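Hi,

Here is the structure I promised to pass on.

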2 protein chains.
Amino acid sequence: MKGDKRAVTLLSGGLDSATCLALAVADGFAVTALSFAYGQKARTELDAASRVAAAFGARDHRVVRLDRDAFLGSALTDAIPVPKGGGSGGIPVTYVPARNTVFLAYGLAAAESLDADAVYIGVNSVDYSGYPDCRPEFIAAFRRMADLATKRAVEGRAIDIRAPLQDLGKGDIIRLGLSLGVDYSLTVSCYDPDDDGRACGACESCRLRREGFLAIGTPDPTRYVPGFAPGAE
Amino acid sequence: MKGDKRAVTLLSGGLDSATCLALAVADGFAVTALSFAYGQKARTELDAASRVAAAFGARDHRVVRLDRDAFLGSALTDAIPVPKGGGSGGIPVTYVPARNTVFLAYGLAAAESLDADAVYIGVNSVDYSGYPDCRPEFIAAFRRMADLATKRAVEGRAIDIRAPLQDLGKGDIIRLGLSLGVDYSLTVSCYDPDDDGRACGACESCRLRREGFLAIGTPDPTRYVPGFAPGAE
């Protein structure tokens, strides 16, 4: 039941962005999902994004190829090991330089090209402890910039930057997504999955996801690599 | 005489960005010039950018390929005629959706990857009458966003967004560039050049450039298409 209202949703194929896509659809938008190939090691992310876009009612799904040169110096793109176990505090080595700035900028351009009213991004309170470009003050500053950046803005129809999961914890996000019919078995959160898209169970992102399901007492549909037993570590 | 201080300069190959590059070099930076291939019709722009980067002392020059899908609906990328003669007021059809937002976002990411201190952009007072993303308030808002976006910012070393030509007219910019040794015959401003990179003489960008040289009484080194006589139209 898609209307004429359009929105762009940034879609990594993880739990948060999948929930965000479901929310945008629930808000009545015909959604263009936008994923990025920027040299990340976890290409299963993009496969998951395609499945999620198809399953959750996106109108279309675009994968934008970004020049890898701009995104060096991160464990997600370089030959730096993804850390296992708890976070060390501070900014994780999985930080990618100005990534959300580039993703949102691209989302803004795509939205104006499509005459879309909003760009959705799935940043949330769990992430913003570590990543500078997940913080509410960053999103607010990007929104103020976007309010001046486009022809639509000058015409009084600025494209809205929406981060509807901003204040939610992982459990709240999962509960919200389940209420919208999200099938989390299609999503991949792991920073270091195997070739079959199975989660390592040990990285920070796996840990947060598992704790989220645990917190609300819901079975975790994540497929783990052989030998990893959730709850037994 | 390049030091260790690094900066990124956005470089279109036109008059303004060439001047901006010369300024960044004069400011003592080892400059990485960043150009973008986004489906623009005037590919001679990129050839000019390469010449300018080599001639004006850039440390290196990168051409980033952007996905054309995000930049539809402009006379610079689509089959919409480039208007000839004076501007009509309002936002020109040569506006490209959120272009400077994307370019600056990419510049910010490249700067952080390179551990560069600043991103230079050649927007100026002549442009900002028409393009929303050339206005001083847009640049200021982008700067405030960048102050929150990066790991460097969190560490108290935010990457500075510099628009040093912001308050200058075309004549002032040319005068400044000449004082820095810029050879404007290497630059191409025209929106609609021929295959040899010769300017049409009739588009808005050609008109502004010609008026700039005229205003300061300096010979215009621009190569025009056969049949176009500056000053005779």
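What follows is a short tour of what turned up, going from the single chain to the contact between the chains.

One caution before anything else: this is a predicted model.

**Chain A in outline**

Let's start with the parts list. Chain A has 7 helices and 5 strands. Read from the N terminus, the elements come in the order β-α-β-α-β-α-β-α-α-β-α-α. Of the 233 residues in chain A, 51% are buried. If you take the contacts in chain A between residues at least 6 apart in sequence, 71% of them join residues at least 24 apart.

**The sheet in chain A**

The strands of chain A form an open sheet of 5 strands with parallel pairing, in the order 3-2-1-4-5. Strand 3 and strand 5 of chain A are at the edges with a single partner strand each, so one side of each has no neighbour in the sheet. On average, neighbouring strands are turned by 25° against each other, direction ignored.

Helix 3 of chain A lies across strand 1, strand 2, strand 3, strand 4 and strand 5 of chain A, and runs at about 160° to strand 1.

**Some loop residues in chain A**

A:A98 sits in the loop between strand 3 (60–65) and helix 3 (99–114) of chain A, and its phi is near 55°, a positive value in a residue other than glycine. A:D115, in the loop between helix 3 and strand 4 (118–120) of chain A, is not a glycine either but has a positive phi of about 55°.

Are these two buried or exposed? A:A98 has 30 other C-beta atoms within 10 Å, and since 20 or more counts as buried, A:A98 is buried. A:D115 has 14 other C-beta atoms within 10 Å and is partly exposed.

A:L168 is partly exposed, with 18 other C-beta atoms within 10 Å. Which residues does A:L168 contact, leaving aside neighbours within four places in sequence? They are A:N124, A:S125, A:I173 and A:L176. A:S125 is 43 residues away from A:L168 in sequence, but their C-alpha atoms are 5.8 Å apart in space.

**Over to chain B**

Chain B also has an open sheet of 5 strands in the order 3-2-1-4-5, with parallel pairing. Strand 1 (residues 6–10) and strand 2 (residues 30–37) of chain B run parallel and are joined by 5 bridges. B:R6 stands opposite B:A30 in strand 2 of chain B.

**How the two chains meet**

A rotation of 180° with 0.0 Å of shift along its axis superposes chain B on chain A, with an RMSD of 0.0 Å. The copies are thus related as by a two-fold rotation axis.

The contact takes 37 residues from chain B and 37 residues from chain A. On the side of chain B that touches chain A, helix 3 of chain B gives the most, with 9 residues. By class, that side has 23 nonpolar, 4 polar and 10 charged residues. Because 100% of the interface residues of chain B are also interface residues in chain A, the copies meet through the same surface.

**The nonpolar core**

In soluble globular proteins, nonpolar side chains tend to be buried together. Here the largest nonpolar core has 132 residues, and A:L21, A:L108, A:V119, B:L21, B:L108 and B:V119 touch the most other members. What does B:V119 touch, not counting residues up to four places away in sequence? The list is B:V8, B:L104, B:G107, B:L108, B:A111, B:I159, B:I161 and B:R162.

That's my tour. Over to you!

Cheers

Notes
Residues numbered from 1 in each chain as written. Chains lettered and ligands numbered in written order. Predicted model: local features only at pLDDT ≥ 70, side-chain atom pairs only at ≥ 80, totals over all residues. Contact = placed C-beta atoms within 7 Å. Helix = DSSP H or I, 4+ residues; strand = E, 2+ residues; numbered from the N terminus. Nonpolar A, V, L, I, M, F, W, Y, C, P; charged D, E, K, R; others polar. Least-squares fit on C-alpha atoms with pLDDT ≥ 70 in both. Core = buried A, V, L, I, M, F, W, Y, C linked by C-beta atoms within 7 Å. Buried ≥ 20, exposed ≤ 12 C-beta atoms within 10 Å, placed from the backbone. Pairing = 2+ DSSP bridges. Axes fitted to C-alpha atoms, helices over the stretch in contact; angles between N-to-C directions.
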